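Student: Could you walk me through how to read the packing in a structure?

Tutor: Gladly; let's look together.

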Amino acid sequence: MQALVIVAHGSHLNPDSSTPTRRHADTIRATGAFDEVKTGFWKEEPSLREVLRTVESEEVYVVPLFISEGYFTEQVIPRELRLEGWDVSEWDSDGLSADTATLVAEDTGQTVHYCGPVGTHESMTDVIVRRAETVTGDPDVGEGFGLAVVGHGTERNENSAKAIEYHADRVRETGRFEEVRALYMDEEPEVDDVTDHFESEDVVVVPLFVADGFHTQEDIPEDMGLTDDYRTGYDVPAEVDGHRIWYAGAVGTEALMADVVLERAADAGADIEEAIASVREETRETPAAGD
């Protein structure tokens, strides 16, 4: 038997924080690729510390639904799962290349294939583009459009910006959009000045966040000038300084995110190619969580 455990932050304050994680788990569970599909959270139940005890399988693939490598993926999750002998050097990562470390959970004896976060996987680039397609309603969106990939940014974790730059560069290399920029909430260049960074009249803004919450629903819309008060809502697209801003909301709500989770597990050795193909096809027609 083999199981998949998707681990995420969750929130005591925002009940919708865990919705995308649970929804992606449901999508993967329906494929039958794993004997068990479970979710675990830092701030919700089932907790990271207890989630492996809910799993009967002896072989477990753990995929963190986090955007970047850092404190949670390198310290909190391995500690709470009690992975014997864990050391971040197991990943031999440059901040973007964390792949898989196979360890044993001390208290359950299970073999755990601990994967890098979804946010640094190359297939996340496809999810960002799909998010642009979803918000514009155009499967061919790109010509005449700019694309802003938005991250939190923080001096406390240099890897936070690496993931944003990585995917912005990958989208730019495709030549699909007229302009592609990486913007941040707490670093330069800032998303507050989004219209200063684009000549394109139409700009799609995709926040590289797992779930919609305080930052994506309140801060970013107000910072960009989509609205003076997030509680009154805003148009999509919204007119700002002579540009049409197509604000997509958190990339993690896009249904195709389930594919990235499966890709991480496949990279760790799970034999799930048929499930990956099935999920890719299904999620083409699936709306984002909350849409």
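The dialogue below takes up a core, a helix and some rings.

Tutor: This is a predicted model, where local features need pLDDT of at least 70, side-chain atom pairs count only at pLDDT 80 or more, and totals for chains, interfaces and linings use all residues. Residues are numbered from 1 along each chain as its sequence is written, and side-chain values use heavy atoms, with hydrogens and water left out.

Student: Which residues have the most contacts inside the largest nonpolar core?

Tutor: A nonpolar core is a set of buried Ala, Val, Leu, Ile, Met, Phe, Trp, Tyr and Cys residues joined through side-chain atoms within 4.5 Å. Buried means under 20% relative accessible area, exposed over 50%, and partly exposed in between (1.4 Å probe, protein chains only). Here the largest core has 54 residues, and Leu4, Ile28, Phe34, Leu147, Phe177 and Ile272 have the most contacts inside it.

Student: Which residues of helix H8 are buried?

Tutor: Helices (H or I, at least four residues) and strands (E, at least two) are DSSP runs, numbered from the N terminus. In H8 (residues 273-283), the buried ones are Ala275, Ile276, Val279 and Thr283. They lie on the same side of H8, because their arc around the axis, taken from the directions to the C-beta atoms, is only 100°. Exposed Glu273, Glu274 and Glu281 sit on the face turned away from that buried side.

Student: How many aromatic pairs are there?

Tutor: The whole structure holds 9. Rings of Phe, Tyr and Trp (its six-membered ring) pair if their centres lie within 6.5 Å; planes under 30 degrees apart count as stacked, over 60 as edge-to-face and the rest as tilted. Phe145 and Trp246 have ring centres 6.1 Å apart and planes at 50°, so this pair is tilted.
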